[in-house]
Amino acid sequence: MKATRHTPQHGQAMIESLLVVLLAVLCFLIIFQYGYGVSSKLILTHAAARAARARTVGLNEFMVEKTARAGMIPIAGKRLQPEGLFLDAATLRAIGDLTPGQAIDMVTRGQANRNLSQLEVARVPDYLTAENDATASGFLDYEGWNDLESTISEGTLADGDTIRVTLSYHVPAFIPGLGRPAPGGAGKTIIPITAFYEIENHYSLYLQGTEW
């Protein structure tokens, strides 16, 4: 049997291929990080807009904070409440009559995920009308909500009588060395993002006693 002969050119080609693959992976991570950051900032801006609109009609600080949280659910991370998988009574009865193959087909079609999504949407009004944090967190709660920081500033008539809501949050860093260490994140890194929305103040025209 003739032994395979490895030439210096063969080793050089392997190294060059490895460098090309690493560069391609890095480019993909950069593009993904940028796209994720931009989309997260858009969602955070949407949340700031919802919070500003809540304040401009005279809602208090607690209500404004809940509105901002509800607006940033897509980037709020892991859902803490409701826990587990939600299936309505009709679905549970139907599962009992399914064969194993039919049950797998139901899961792969996303029926369970749709049920859970509907549950989350249905709980948003209950969350927004909750009177305190304990009650609100019993309806909905997400891992990232405690990391959301909000600042509400109100201008005077001379400044145009506006309300400005600024939200600060963060997104995970997918590229090693990028961002800053997360508080208690066990080596995880994050990239801070900030968004704001400014709107004309309306409540001062027809409401009194709406201080925080």
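I shall speak about salt bridges, then a surface patch, then a pocket.

This is a predicted model, in which local features need pLDDT of at least 70 and side-chain atom pairs count only at pLDDT 80 or more, while totals for chains, interfaces and linings use all residues. Residues are numbered from 1 along each chain as its sequence is written, and side-chain values use heavy atoms, with hydrogens and water left out.

Let us begin with charge. Side chains of opposite charge can pair when their charged atoms come close. A salt bridge here is a side-chain nitrogen of Lys or Arg within 4 Å of a carboxyl oxygen of Asp or Glu. By this rule the count comes to 3.

In one of them, R55 pairs with E154, with the closest N and O atoms 2.7 Å apart. R55 belongs to helix 1 and E154 to strand 3 (residues 149–154), so this pair ties together parts 99 residues apart in sequence. Helices (H or I, at least four residues) and strands (E, at least two) are DSSP runs, numbered from the N terminus. R55 is buried at 2% relative accessible area, whereas E154 is partly exposed at 32%. Buried means under 20% relative accessible area, exposed over 50%, and partly exposed in between (1.4 Å probe, protein chains only).

E65 and R69 form another salt bridge, their closest N and O atoms being 3.1 Å apart. Because they are 4 residues apart in helix 2, about one helical turn separates E65 and R69.

R164 also forms a salt bridge, with E198, at 4.0 Å between the closest N and O atoms. This pair links distant parts of the chain, R164 in strand 4 and E198 in strand 6, 34 residues apart.

I turn to the surface. V57, L59, L205, Y206 and L207 form a nonpolar patch with about 470 Å² of accessible area together. Such a patch joins nonpolar side chains (Val, Leu, Ile, Met, Phe, Trp, Tyr) within 5 Å, from residues with over 30% relative accessible area and no salt bridge. V57 lies in the loop between helix 1 and helix 2 (61–71).

Finally, which residues lie nearest the centre of the largest pocket? They are D147, Y169, H170, A182 and I190, among 26 lining residues. A pocket is an open set of points on a 1 Å grid where a 1.4 Å probe fits, with protein on both sides within 12 Å along at least five of seven lines; lining residues have an atom within 4 Å of a point. About 630 Å³ of space lies in the largest pocket.

Note on methods:
Grid points are joined across faces, edges and corners, and a volume is the space filled by probe spheres set on the points. Patches are made of residues with over 30% relative accessible area and no salt bridge: like charges are joined within 9 Å, nonpolar side chains (Val, Leu, Ile, Met, Phe, Trp, Tyr) within 5 Å. Accessible areas come from the Shrake-Rupley method with a 1.4 Å probe; for residues, only the protein chains shown count as cover.
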